[in-house]
Amino acid sequence: MSRTLEIAQTIQHQLMTLGRVKVWSWGSRSWTAIKDEENRDGLEFRVSGFKHKGKVRIVLDWSDTYVISFFNSRNTLKGKVDDVYFDEMVDLIDSFVEYPGSDEEYKKLIENKYKF
């Protein structure tokens, strides 16, 4: 198994272990092992959340932390966070992709989308 694939699988496992339901709520799909432009190994996947639709890229940095980048459907960088520890990934991504900041706001978004 290549190092790139092994790191991608580790990242996906960490995401699913720490927050499977949140990861599913993003509409995550098209999981792909990648090397970024700086030759770092990582994982990229598509999301379709309330706040962000596009791609999320997570790469392992030399400091053993992650760099998480968010791209829209036109592949334009919309946000980037450096020095993310594995146990911070799910909540950080959720705050950019899905969760509006309060349970009340989130409930309204869900009600409007599904017409409860």
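Trainee: In which helix is arginine 3 found?

Mentor: Arginine 3 is found in helix α1, residues 3-25. Helices here are DSSP runs of H or I with at least four residues, strands are runs of E with at least two, and both are numbered from the N terminus. This is a predicted model, in which local features need pLDDT of at least 70, side-chain atom pairs count only at pLDDT 80 or more, and totals for chains, interfaces and linings use all residues. Residues are numbered from 1 along each chain as its sequence is written, and side-chain values use heavy atoms, with hydrogens and water left out.

Trainee: Why does arginine 3 count as exposed?

Mentor: Exposed means over 50% relative accessible area, buried means under 20%, and partly exposed lies in between, with a 1.4 Å probe and protein chains only. Arginine 3 has 56% relative accessibility, so it counts as exposed.

Trainee: Which residues is arginine 3 in contact with, leaving aside its neighbours within four places in sequence?

Mentor: Asp41 and Leu60. Contact means heavy atoms within 4.5 Å. As for threonine 76, its C-alpha atom and that of arginine 3 are separated by 27 Å, and the two residues are 73 apart along the chain.

Trainee: What pattern does the chain follow along the sequence?

Mentor: The pattern is α-β-β-β-β-β-α-α. That gives 3 helices and 5 strands.

Trainee: Why is the chain called as compact as a globular protein of its length?

Mentor: The globule rule is 2.2 Å times the number of residues to the power 0.38, and the radius of gyration is taken over C-alpha atoms. For 116 residues the rule gives 13 Å; the chain has 14 Å, which is close, so it is as compact as a globular protein of that length. The C-alpha trace spans about 45 × 30 × 25 Å along its principal axes. Of the 116 residues, 40% count as buried.

Trainee: What share of the contacts with a separation of 6 or more comes from residues 24 or more positions apart?

Mentor: They account for 35%.

Trainee: What makes β1 and β2 a pair?

Mentor: Two strands pair if DSSP finds at least two bridges between them. Here 5 bridges join β1 to β2, and the strands run antiparallel. Alanine 33 stands opposite leucine 43 in β2. The two strands form a hairpin with 5 residues between them.

Trainee: How many positive and negative side chains does the chain have?

Mentor: There are 18 positive and 19 negative, and the centres of the two sets lie 9 Å apart. Lys and Arg count as positive, Asp and Glu as negative; His and the chain ends are not counted. Each charge is placed at NZ of Lys, CZ of Arg, CG of Asp or CD of Glu.
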